[in-house]
Amino acid sequence: MRRTVAIAGGGPAGAVAARVLARRGVRAVVLEAASGPTDKVGETLPPAVTPLLRHLGCELGPGGGVTSAAHLPSHGIRAYWGSNEPGENPFLASPFGSGWHVDRRAFEERLAAAAIEAGAEWRWGQRVVGCRPGSDGAGGHWRLELAPAGEAAGEGASMPRREVLEADFVVDATGRRASLARRFGARRVRTDRLVGVFEVLQSDEPMADSTTLIEAVEDGWWYSAPLSGGRLAIGFFGDGDLLERPLLQAEPGAWRRRLDRTAATSERVEGHRYEPAEPLRVLPAESSRLDRIAGEGWIALGDAAAGYDPLSSHGIASAMGSGLYGGHAVTDLLGGRREARLAYLDVMERNYGTYLELLRRHYARERRWPDSPFWRRRRAPSREVRR
């Protein structure tokens, strides 16, 4: 009998897992709450992601499966970190060529298309509002209640338009909120309180510089990277409990005052006449993980399993990697190979531990503000807090 896996969330992790499952003969049903593709803050993919994209049939650039004007080549990183002079990290020596400044909407559309091409079912505008053991009990057979994304949440509510989906396995790819895993008793564990305040700017005179710019400041750091169509993605990262309320409420004046106090970042914006193109967004950016990322009949992928500091450039790459490993693990579990759960847990735990150590070392390089609470916290031993 063909087995059914329900995947809550259609981001990079969910899309890759769906493709893997479909290619291995499993019925993969992606339940994405959004009614269609949405615009998201852009992200830079390092060259090392190219082999994974090639494996998925989604390689960017000439010769790959995707050639899109929506994505710009990235030739390196310039960082004012630990010094008032910039450090350069060019991608020229990479065997995989350049990195990419991706248009998230176009990129995720392609990942979804690759999953559908492999045979996955993709359902836009459907949200999981209930999930409980089905007719097979707690051994992995689930009964999911679905509702259109615009309807109110809450099990037991009167929703005549609800649909029921029975699945042999469920996958949580709902991002940092981990909505399914939390239903199963998992809790979020974080090591910091980092948040990001993002904006997309537009210019009729965009810069030719293709590098990602990182600039450390007294209470955090700035990121900016060019996007297609003359746009610039820019973000400030700091600890939410240390930042002023107007900034956390996405007040443009507070944002502008902070930007004006930067050196290289403000020069990049002012020098090319960039103006706001989209509203400010405030999003969580802390390092965090679930205390349980798999259980009987369920597994968590991507940001639901572990969220990464954007400084690491692990975001999309780690999400796709967990989708790849998780998709194979679920297929093996459905085939009776119970050791697949331990193998997946081992890979995810080792990857997250390595990431935390590398992140600690990188933050430790910045010592220009020894009395700053933000930087002092990052020199202290990390401590996890459950929430």
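Buried means under 20% relative accessible area, exposed over 50%, and partly exposed in between (1.4 Å probe, protein chains only). The model is predicted: local features need pLDDT of at least 70, side-chain atom pairs count only at pLDDT 80 or more, and totals for chains, interfaces and linings use all residues. Residues are numbered from 1 along each chain as its sequence is written, and side-chain values use heavy atoms, with hydrogens and water left out.

**Exercise 1. Classify the pair Trp142 and Phe184, and state whether each residue is buried or exposed.**

Step 1. Take the rule. Rings of Phe, Tyr and Trp (its six-membered ring) pair if their centres lie within 6.5 Å; planes under 30 degrees apart count as stacked, over 60 as edge-to-face and the rest as tilted. The structure holds 17 such pairs.

Step 2. Apply the rule. The ring centres of Trp142 and Phe184 are 5.0 Å apart and the planes meet at 35°, so this pair is tilted.

Step 3. Trp142 is in strand E10 (residues 137-148), and Phe184 is in the loop between helix H4 (179-183) and strand E13 (188-190). The pair links distant parts of the chain, 42 residues apart. Helices (H or I, at least four residues) and strands (E, at least two) are DSSP runs, numbered from the N terminus.

Step 4. Check burial. Trp142 has a relative accessible area of 7%, so Trp142 is buried. Phe184 has 17% relative accessibility, so Phe184 is buried.

**Exercise 2. Describe the pair Tyr352 and Tyr355.**

Step 1. The centres are 5.6 Å apart, with 40° between the planes. The pair is tilted.

Step 2. Both residues lie in helix H10, three residues apart, about one turn of the helix.

**Exercise 3. Find what Ala340 touches.**

Step 1. Ala340 is in helix H10 (residues 339-364). Its relative accessibility is 9%, so Ala340 is buried.

Step 2. Contact means heavy atoms within 4.5 Å. Leaving aside residues up to four places away in sequence, Ala340 touches Ala329, Asp332 and Leu333.

**Exercise 4. Which rings does Arg378 lie over?**

Step 1. A charge sits over a ring if NZ of Lys or CZ of Arg is within 6 Å of the ring centre and within 35 degrees of the ring normal.

Step 2. Arg378 lies over the face of Tyr363, at 5.3 Å from the ring centre. Arg378 also lies over Phe374, at 3.8 Å from the ring centre.
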